[in-house]
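Welcome! Take a moment to look over the sequence and the model shown here, and then let us walk through it together.

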Amino acid sequence: MTEPIEIVVVGAGPGGLSAALAAAQAGARVALVDNNRQPGGQYFRQPAREFRGAASPHQRQGADLWQRVQAAGVHWWAETTAWGAAETRVLTLAGNHAPSSIQPPAIILATGTYERTVAFPGWTLPGVMTAGAAQTLLKEQHLLPGKKILLVGTGPLQLVLAAELVRAGAHVVAVLEGAPIFQKGAAHLGSLWGQWERVVEGASSWLTLASHAVPYRTSWGIVAANGNRQVAGATIARLDAAWQPVAGSEEQIACDTICLGYGFIPFTALAQLLGAQMTWQPELGGDVPTRDANLQTSAPGVYAVGDGAGIGGAALAQVEGEIAGIAAAAQLGHHADTAAQKIQALLPRLTRERQFQKMYAALFTPGAGLDTLARDETILCRCEEITQADVRRAIALGANSAGEVKSITRGGMGDCQGRMCSHLLAHAIARETQQTLAQVGRVRPRPPLFPTPIPVLGQVQAARAEESLR
Ligand SMILES: Cc1cc2nc3c(=O)[nH]c(=O)nc-3n(C[C@H](O)[C@H](O)[C@H](O)COP(=O)(O)OP(=O)(O)OC[C@H]3O[C@@H](n4cnc5c(N)ncnc54)[C@H](O)[C@@H]3O)c2cc1C
């Protein structure tokens with residue numbers, strides 16, 4: 001009989017791969033779960049198998065890490081979704097390679113982020129997509145998302161994606177950066193010390209855009225996507241310090257694709273279901289689990305690393321993964337005597353990456369004006385087709401919090417389970433009721449967190465019934 005799994009790592013991005021490797025090298029029996037066919041997460045996303053041999057440097061870096069994970073004997077549960085969890089440290093899973101539920105002594109959550117959407121007139125037109133969707137098409141399928149592409153949003157990833165699209169043959173009509181980075185950037189230059197890989201990537205992206213005469217405008221953003229059945233253009237405008245469009249500065253720009261890159265929101269639903277205490281930290285992307293020095297949450301045996309515990313990038317995710325992997329293994333008695341020393345040796349890297357994280361948040365956190373673009377008829381929750389006017393009506397009926405608006409409108413109850421819309425709904429409620437986001441509160445996630453086949457739900461019910469008969 002095979003020995004039971006001791007640590008389940010959810011998410012096979014940079015954070016999860018590093019956590020699984022560190023824990024397995026310490027001697028723990030580790031299973032790594034990811035809903036994708038291949039490991040890598042977003043940063044190390046691998047090309048589809050049909051494109052072997054055409055990997056980028058990031059993809060090669062990810063493939064090397066993956067080889068080490070395999071060599072360390074980690075069990076790989078591919079195409080497996082952790083769709084639910086309970087405070088008893090139980091995970092419920094859907095996938096052919098995994099049990100339907102598991103209660104390991106330790107869980108490391110490395111679930112990454114989802115992208116922050118922005119609601120503006122026309123944002124549901126075909127042709128509007130997130131920057132991540134465009135990047136996934138390009139990295140995994142070697143497909144361009146469109147012919148004439150406008151990138152709007154904030155952060156260096158815009159620059160990187162724009163350059164990747166140009167190198168792949170796309171016509172990028174412009175890159176609009178919402179933040180006034182040239183005015184604010186100088187004060188933060190020190191945080192780039194030691195970040196040479198990022199500096200080189202940024203400079204090379206910049207040169208690519210410059211050599212193709214791609215306009216790059218700062219303090220500019222989108223106001224509306226235009227077109228009948230498909231994007232045919234965009235209305236853009238200069239932004240003031242609060243990211244509010246400046247009246248009279250609007251311009252029209254022709255394009256067939258608009259990529260939105262307004263940052264990320266940590267995916268914390270599993271942490272919440274596992275009973276981890278959360279804290280509101282806008283500079284880290286919103287609600288994040290509180291963690292101790294070993295990155296353990298307030299739920300015993302549950303660790304959280306990487307972007308899912310606060311937006312910080314792939315390098316921070318990796319060092320956090322190593323720390324949590326070592327700590328979780330030590331908690332189970334594997335190399336407990338040397339764990340503190342190994343973690344100590346990782347602290348300079350952790351500190352450097354956290355400094356970069358602070359700089360990133362200071363420069364690229366969007367202003368409140370971004371949440372004022374929606375009109376009454378603009379859809380906020382796409383799955384349930386809830387408009388801003390619907391939210392206003394719910395408030396008129398007495399709803400005051402995210403939970404109450406959800407109950408009245410069904411906003412956030414569709415297939416995406418709020419990943420695309422809960423922040424849009426929360427901002428609309430806050431503005432309408434003149435409360436802070438903290439006062440509006442959060443909607444408690446409910447399993448299934450992802451669309452899950454009925455037979456899978458049935459398996460869990462059957463297992464529970466069997467358990468209760470014992
Ligand atoms: C769209 C996008 C584009 C990016 N582009 C860049 C870039 O160009 N350059 C750069 O430096 N950084 C980029 N980043 C940031 C970088 O990818 C992240 O900082 C880094 O990947 C974080 O690593 P992670 O391990 O925390 O999470 P991720 O790499 O996001 O990995 C999380 C993994 O967990 C899986 N997962 C989540 N929940 C579950 C579940 N319940 N069940 C099963 N599996 C689950 C996800 O599918 C994913 O594979 C990008 C991020 C995103 C989201």
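**Around the ligand**

Sorted by class, the residues forming the shell around the ligand are 14 nonpolar, 16 polar and 3 charged. Keep in mind as you explore that this is a predicted model. The shell counts 33 residues, and those that come nearest to the ligand are G15, D34, N35, Q135 and D307.

Where does the shell come from? At least three of its residues are drawn from each of domain 1 (7-115 + 265-334) and domain 2 (128-262). Several helices and strands each supply at least two shell residues, including α1 (14-25), β4 (81-86), α3 (131-141) and α8 (314-331).

Now zoom in on the oxygen atoms of the ligand. An N or O atom in the side chain of N35 sits 2.6 Å from a ligand oxygen. The backbone takes part as well: a polar backbone atom of Q42 is 3.0 Å from an oxygen atom of the ligand, and a backbone N or O atom of P14 is 3.3 Å from one. Taken alone, the ligand would expose 980 Å², and the protein buries 92% of that.

**The cysteines**

Let us turn to the sulfur atoms. A disulfide is a covalent bond between the sulfur atoms of two cysteines. How many disulfides does the structure hold? There are 0. For C255, the nearest cysteine sulfur belongs to C259 and is 9.5 Å away. C255 is buried, with a relative accessible area of 3%. C381 has its closest cysteine sulfur in C421, but the 4.0 Å between the two sulfurs is too far for a bond. C381 also counts as buried, because its relative accessibility is 1%.

Key: Residues are numbered from 1 along each chain as its sequence is written. This is a predicted model: local features need pLDDT of at least 70, side-chain atom pairs count only at pLDDT 80 or more; totals for chains, interfaces and linings use all residues. Side-chain values use heavy atoms; hydrogens and water are left out. A residue is near a molecule or strand if one of its heavy atoms lies within 4 Å of it. A polar contact is a pair of N or O atoms within 3.5 Å; within protein, one must be able to donate a hydrogen and the other to accept it, and residues adjacent in sequence count only if both atoms are side-chain atoms. Accessible areas come from the Shrake-Rupley method with a 1.4 Å probe; for residues, only the protein chains shown count as cover. Helices (H or I, at least four residues) and strands (E, at least two) are DSSP runs, numbered from the N terminus. Ala, Val, Leu, Ile, Met, Phe, Trp, Tyr, Cys and Pro count as nonpolar, Asp, Glu, Lys and Arg as charged, and the others, Gly among them, as polar. Domain bounds come from an automatic or database domain assignment. A disulfide is a pair of cysteine sulfur atoms within 2.5 Å. Buried means under 20% relative accessible area, exposed over 50%, partly exposed in between (1.4 Å probe, protein chains only).
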